[in-house]
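Hi,

Here's the structure I promised to pass along. Have a look at it first, and then read on for what turned up.

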Amino acid sequence: MAKSASDTQGIAARRAALRLLDGVLDEQRLLSEMGGEAGPMGRLPAPERARAQRLATETLRHLERADKLLGPHLRKRPALPVHNILRLGTYEICADGAAPHGVINALVEIARKGRHSQHQAGMINAVLRRIAEAGPEAWAALPPPKMPKWLRKQMVADYGKQAVEAMEAAHANGAPLDLSLKADAPEWAERLGGTRLPTGSLRLAEAGQVSALPGYAEGAWWVQDAAAALPVKVLAPQAGEKVLDLCAAPGGKTMQLAAAGAEVTALDLSESRMARVRENLARTRLSARCVVQDALEFSEGGFDAILLDAPCTATGTIRRHPDLPHAKDGGDFPALFALQERLIDHALTLLAPGGRLVFCTCSLLPDEGEIQVEDALKRHPGLRSDSAALAVPGVDPAWRTPEGGLRLRPDYWADLGGMDGFYIACLRQA
Ligand SMILES: C[S@@+](CC[C@H](N)C(=O)[O-])C[C@H]1O[C@@H](n2cnc3c(N)ncnc32)[C@H](O)[C@@H]1O
C-alpha cells in the first residue's frame, strides 16, 4: 500500500505524541496508562507507535528546557494544546536532530486542523522558526531539568542539593537497556554485544526494537534494570526452596527466582498484569505457580523466602518514566506508605521459621525504604535486618544504610549509564 502524505511527514506519530502530552499534562495520566488500543496510539503501526511514545517521553523529560527557550517568544502562556505543539517542536528541533523545516511544516499542519490551535498556526510557525535559529545552541547550554517543586523539596531535605542535582543529571540522560540473562551468560553477552555490569546484568547502549534482538524468541533474557535485578540477588534463592513473589507482575523478579530453580508462587492483585507474567514465563520457558489475589488476603504460609516488591511511588524510575513527575503531585503517596507497612506485616506471617523477607521498592523516598524498615524493626521485636545478605558481587558497600538496607540512586554508576533508584533490605525473624 502506498504511503499517504501524512505518513511521510510523520503527522500521525506527532499527533499521537501531542495527545499523549495533553493526557499527562492536562489529565495527569501516566504514559503507561495510555498505551492500549483505546489510547492515542491505538491504531498506529508499531514503528509509528514507538515514534509517538519516544517523542512524548523525551519532550516531557526536557519540558523545562523547552519552556525556557520558548518563554522569550511568547507574550502570554498559550492554551495547553498550543503550548504542547511548541514544546514538541522545540524538543525535536533542538535535541532530536530533526530537520527544522520538516518539523515546522508537520506541526503547523497539525495546528491548522486542531480545534484549539487552528487560529494559532501562524504564531506556531513564527515561533518555531525563531527557535530553529538559535535554539539548538542555547538548549545545549541549559542545565538539566529540575524535579518538580513538590518532589524536589523533600528530596533536598533527604539527600542534599548536590545529590539531587546529580540525580537530575541522571534523569536528563535517560536509561540504557539492561538485560538479565537466564543462563549461558558469556555466550549471549558475546552475541548481543554491550557491557557486562559489575552485578552481572548486560547493558546495551543502542537497543532498537527489543523483540528483534538475538535471544528474544528463545527466551534467553528479559529486560530488567540492573538495580531491579538486585533484590533477588540479595534474596539468593536456592534450588528447591519455596519462594513467594508477593507483588509479582510483570514478572522480572519471578523469572530470576524461577531461573535459580526455586519453587515459585507468583502473586499479584491484577489479572491483566498477571497475564504479562504468564507471557514472560512462557517466552523464557520458566515456571511458577501464578495466583491472582490481594496479597493481604493470601494466607498460605511456610515459605522459605518471600520477595515483597511493594507497590510504590516509582520515583526511582523517573529517568525511564519522565512523565511521572508531571502526572503526579504526591497526593496519593501516603496511602502507598500505609499499604507497604501492612504488606510487610502480613508477609512476615507467611514465612517458615527462620525464613527471610526481602522488601524492596523502586523509590527514592525514605518513607518507602529506610523508614519502612526502621519502623518494621520497631514493630517486630524479633526481627533483624540481615546485612550479610547485601554482600552481592558488584554492590558497593557505600550503598549500605544504617538500618541494614541498600540505597540505590540514579546517579550511581554515572560513568556506566546510571541505574534506577531502589531500596532493598533483607529481614529475618529470630
Ligand atoms: C512494583 S510492581 C512489581 C514489579 C515486579 N515485582 C517485577 O519485578 O516485575 C508492584 C505490583 O504490585 C501489585 N499490587 C499492588 N497492590 C497489591 C496487593 N494488595 N496485592 C498484590 N499485588 C499488589 C501491582 O499490581 C503491581 O504489579
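Strand β1 (residues 177-181) pairs with strand β3 (residues 202-204) in the antiparallel sense, over three bridges. Within that pair, Asp-178 stands opposite Arg-203 in β3. Do keep in mind that this is a predicted model.

The two strands belong to an open sheet of four, with the order β2-β3-β1-β4 and antiparallel pairing. At the edges sit β2 (195-196) and β4 (221-223), each of which pairs on one side only. If sheets are new to you: strands pair through backbone hydrogen bonds, and the pairing can be parallel or antiparallel.

Next, the ligand. It is surrounded by 17 residues, and the closest are Cys-247, Ala-249, Leu-269, Ala-295 and Asp-309. Two elements give two or more residues to this shell: helix α12 (252-259) and strand β6 (263-268). Sorted by class, the shell has nine nonpolar, five charged and three polar residues.

One more spot to look at is Cys-362, where an unreviewed UniProt entry places the feature "active site". You'll find Cys-362 in the loop between β9 (351-361) and α16 (370-379). Is Cys-362 buried or exposed? Cys-362 counts as buried, because it has 24 C-beta neighbours inside 10 Å and the cut-off for buried is 20 or more. Leaving out residues up to four places away in sequence, Cys-362 touches Ala-228, Cys-312, Ala-314, Gly-316, Thr-317, Asp-420, Gly-421 and Phe-422.

Cheers

Notes: Residues numbered from 1 in each chain as written. Predicted model: local features only at pLDDT ≥ 70, side-chain atom pairs only at ≥ 80, totals over all residues. Near = placed C-beta within 6 Å. Nonpolar A, V, L, I, M, F, W, Y, C, P; charged D, E, K, R; others polar. UniProt positions renumbered as here; feature names shortened; annotations may be inferred. Buried ≥ 20, exposed ≤ 12 C-beta atoms within 10 Å, placed from the backbone. Contact = placed C-beta atoms within 7 Å. Pairing = 2+ DSSP bridges.
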